[in-house]
Amino acid sequence: MLYDMTLPPDHAQRFALNDEVHARPPEALTTPTRASYIATVSHWDDREAEWQGVCDLARRFGATAPFPGSNHYSGQLGPFRLVWERHGEFSRYTFIAPLGEGDDPFAEPAITLAPANWVATRPGQIIVAAHVAVVRADGLPDAETMSAKLFNGNALVGGPVSDRAAVALTDFRIHADGFGRFLVQDRHLTPLQAGRLVQRLLEIETYRMMALLALPVARELTPFLGARERELAEVTDALVNADETDEPVLLERLTRLEAEIESREAANLFRFGAAVAYHDLVQRRISELREERIQGLQTLREFMDRRLVPAMNTCRAVAERQQSLSGRVARVTQLLSTRVDITRERQNRAVLESMNRRAKLQLQLQSTVEGLSVAAVTYYVVGLIGYGAKGAASAGVPVSPEIAMGVSIPIVATLVWLGLRGFRKRVAHGEA
């Protein structure tokens with residue numbers, strides 16, 4: 001039913017976010033089918049070149065090219081179907097074609113139908129390459145026969161999946177052609193079920209490899225953390241008996257140590273966090289398979305629990321060790337900084353006490369100088385009075401110079417002392 005109604009304006013991302021839940025749908029696969037898959041690790045800046053490459057290939061086969069800015073494309077290009085998906089760290093290319101007759105479903109991979117020069121010039125580096133064959137099944141597979149015939153005698157992993165609608169087998173090995181192999185024996189899958197199953201298997205392999213990218217980082221980081229832990233222990237031991245002269249040297253060592261650890265942590269924080277996310281996706285995709293056991297074969301979950309989980313535990317332990325070391329260095333640095341502050345306060349207090357002593361000495365000196373100043377001024381003033389009295393006596397005034405000088409001494413001294421005291425008060429009041 002259509003109706004006319006005026007609504008507020010749409011959010012700029014409304015349609016893009018709504019369509020996100022419909023992005024990267026599984027392809028409907030009709031048994032028998034062959035597929036080749038490559039996942040390349042590439043920088044996000046390569047997405048434009050990847051999109052342009054898919055556009056060029058589509059135009060070469062006369063097919064509709066993907067829309068500008070799109071991160072997903074699915075199109076029939078002559079004898080094969082291409083599915084391209086751009087993710088955060090990697091891109092996926094899936095080549096799908098009908099499976100021909102023959103005993104070996106991996107003899108003629110679907111990727112051979114694509115132009116070789118185009119495949120070779122894809123941006124990035126391959127992290128996963130695999131062939132998938134979806135064939136019809138009749139009963140449970142003979143694992144030993146399948147292994148000898150299609151997997152070079154390697155031990156197989158897998159079993160019934162999708163409520164026994166199919167059997168999925170692989171050896172998780174890279175064969176001589178550089179590709180891994182997945183065999184899906186279709187019992188009663190619908191085309192969409194087959195597409196979802198193949199998609200999940202390839203996602204499990206892709207996310208497994210992306211999660212394992214953190215393992216070399218963890219291995220490289222382990223000796224670095226060991227050396228820094230030993231250095232921290234040395235600094236901590238030295239701090240116990242350190243005196244004031246040692247504190248600046250220890251603080252410099254701790255500052256350098258903390259900078260090194262923070263630099264490494266910033267460099268690999270994303271890698272360890274991504275490993276946790278990818279491992280969670282692996283576990284989730286395995287749960288979606290709804291596996292059952294074939295006697296004598298490991299299931300995909302058992303294989304991951306024995307091979308992938310220990311590697312992820314190693315990465316998690318190294319990440320936690322790195323975080324713990326960073327926290328310990330920060331605590332020791334704070335402790336040493338506190339000691340330095342206390343030492344500085346003690347030094348400042350000593351400086352203030354020295355200044356107080358100097359001020360007292362200056363005050364005592366000032367009092368002495370003031371006393372001498374009173375005596376000196378009194379001496380000169382009384383002398384002047386004496387000269388005045390002698391002059392008056394010579395002029396016939398009946399005055400005794402000696403008596404005049406003797407009487408004036410206490411008066412002059414008192415006046416001079418009061419004058420200096422008043423001057424000092426005025427100076428002090430003016431400074432305040």
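The structure holds 0 disulfides, a disulfide being a pair of cysteine sulfur atoms within 2.5 Å. This is a predicted model, in which local features need pLDDT of at least 70 and side-chain atom pairs count only at pLDDT 80 or more, while totals for chains, interfaces and linings use all residues. Residues are numbered from 1 along each chain as its sequence is written, and side-chain values use heavy atoms, with hydrogens and water left out.

Cys55 is buried, at a relative accessible area of 0%, and Cys315 is buried at 3%. Buried stands for under 20% relative accessible area, exposed for over 50%, and partly exposed for what lies in between, with a 1.4 Å probe and protein chains only.

Val41 belongs to strand β1, residues 33-41. Strands (E, at least two residues) and helices (H or I, at least four) are DSSP runs, numbered from the N terminus. Val41 is partly exposed, with a relative accessible area of 26%. Leaving aside residues up to four places away in sequence, Val41 touches Glu89, Phe90, Gly124, Gln125, Ile127 and Met210, where contact means heavy atoms within 4.5 Å. Phe90 is 49 residues from Val41 along the chain, yet their C-alpha atoms are separated by 4.3 Å.

Helix α7 covers residues 247-289, 43 residues in total, and its first and last C-alpha atoms lie 61 Å apart, close to the expected 63 Å. That expected span is 1.5 Å times one less than the number of residues. At Asn268, α7 bends by about 45 degrees; the bend is the angle between axes fitted to the seven residues ending at a residue and the seven starting there.
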